[in-house]
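This report looks at one helix and at the charged pairs of the chain. Have the model open alongside the text.

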Amino acid sequence: MQSGSVASRSADSRTGNGSPAVDAVSLAIIEQLQEDGRRPYAAIGKAVGLSEAAVRQRVQKLLDQGVMQIVAVTDPLTVGFRRQAMVGINVEGDLDPVAEALSAMAECEYVVMTAGSFDLMVEIVCEDDDHLLETINKRIRAIPGVRSTESFVYLKLKKQTYMWGTR
């Protein structure tokens, strides 16, 4: 990507929904890090037309704003988590308290409010079937407001990527 007039919006501005706006240069930095989260800032700078220090500052700002995280992504099966499931949840009343309670659970890796058949979708990662049963039956279903759940147990992970950030 070339430098110059790539920055169309300030990284300090906000989108209509209140989240930080991300300019074209920051998107290019994100794309570089999605390809290789350990790519040196100097190499990223060369690709996007910034100095190493400018890339470092932008990355820190993106991290501080919660726009992105830099993490090691694993296949849960290879690190001792033998059971994953997506759980559709229907809620009576306000979704926020239920979503907050789910977000606080270590087993819940992904919590999203949805439109459609379910009010919430939650991805859970567990050590085994007993852990999955305990998580759904004793913890998720015990949250006030949870009306019903439907579980979709993963049989095999075929694809897991995180490359959508710059499309």
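Arg56 is partly exposed in this predicted model, because its relative accessibility of 41% lies between the cut-offs of 20% and 50%. Its salt-bridge partner is Glu52, with the closest N and O atoms 3.3 Å apart. Glu52 is partly exposed as well, at 38% relative accessibility. Where do Glu52 and Arg56 lie? Both are in helix H3, 4 residues apart, which is about one turn of the helix. An α-helix has 3.6 residues a turn, so residues three or four places apart point the same way.

**Helix H3**

Helix H3 covers residues 52-64. Its 13 residues should span 18 Å at 1.5 Å a residue. The end C-alpha atoms are 18 Å apart, so the model agrees with that expectation.

Which residues of H3 are buried? They are Val55, Val59 and Leu62. These three cover an arc of only 60° around the axis, so they sit on the same side of H3. Gln57 and Asp64, on the other side of H3, are exposed. The cover over the buried residues of H3 includes helix H1 (24-35) and helix H2 (41-48). After H3 comes Gly66, which has a positive phi near 75°.

**Salt bridges**

Side chains of opposite charge can pair when their charged atoms come close. How many salt bridges does the structure hold? There are 5. Among them are these:

| Pair | Closest N and O atoms |
|---|---|
| Arg39 and Glu35 | 3.2 Å apart |
| Glu52 and Arg56 | 3.3 Å apart |
| Glu107 and Arg139 | 2.7 Å apart |

Take the pair of Arg39 and Glu35. Glu35 has a relative accessible area of 48%, so this residue counts as partly exposed.

Now take Glu107, which forms a salt bridge with Arg139. This pair links distant parts of the chain, 32 residues apart. Glu107 belongs to the loop between helix H4 (95-103) and strand E2 (108-113). Arg139 belongs to helix H5 (residues 129-140).

Is Glu107 buried or exposed? Glu107 counts as buried, because its relative accessibility is 11% and the cut-off for buried is under 20%. Arg139 is partly exposed, with a relative accessible area of 29%.

Definitions and conventions. Residues numbered from 1 in each chain as written. Predicted model: local features only at pLDDT ≥ 70, side-chain atom pairs only at ≥ 80, totals over all residues. Heavy atoms only, no water. Helix = DSSP H or I, 4+ residues; strand = E, 2+ residues; numbered from the N terminus. Expected span 1.5 Å × (residues − 1). Buried < 20%, exposed > 50% of the residue type's maximum accessible area, 1.4 Å probe, protein only. Arc of directions from axis to C-beta. Contact = heavy atoms within 4.5 Å. Salt bridge = Lys/Arg side-chain N within 4 Å of Asp/Glu carboxyl O.
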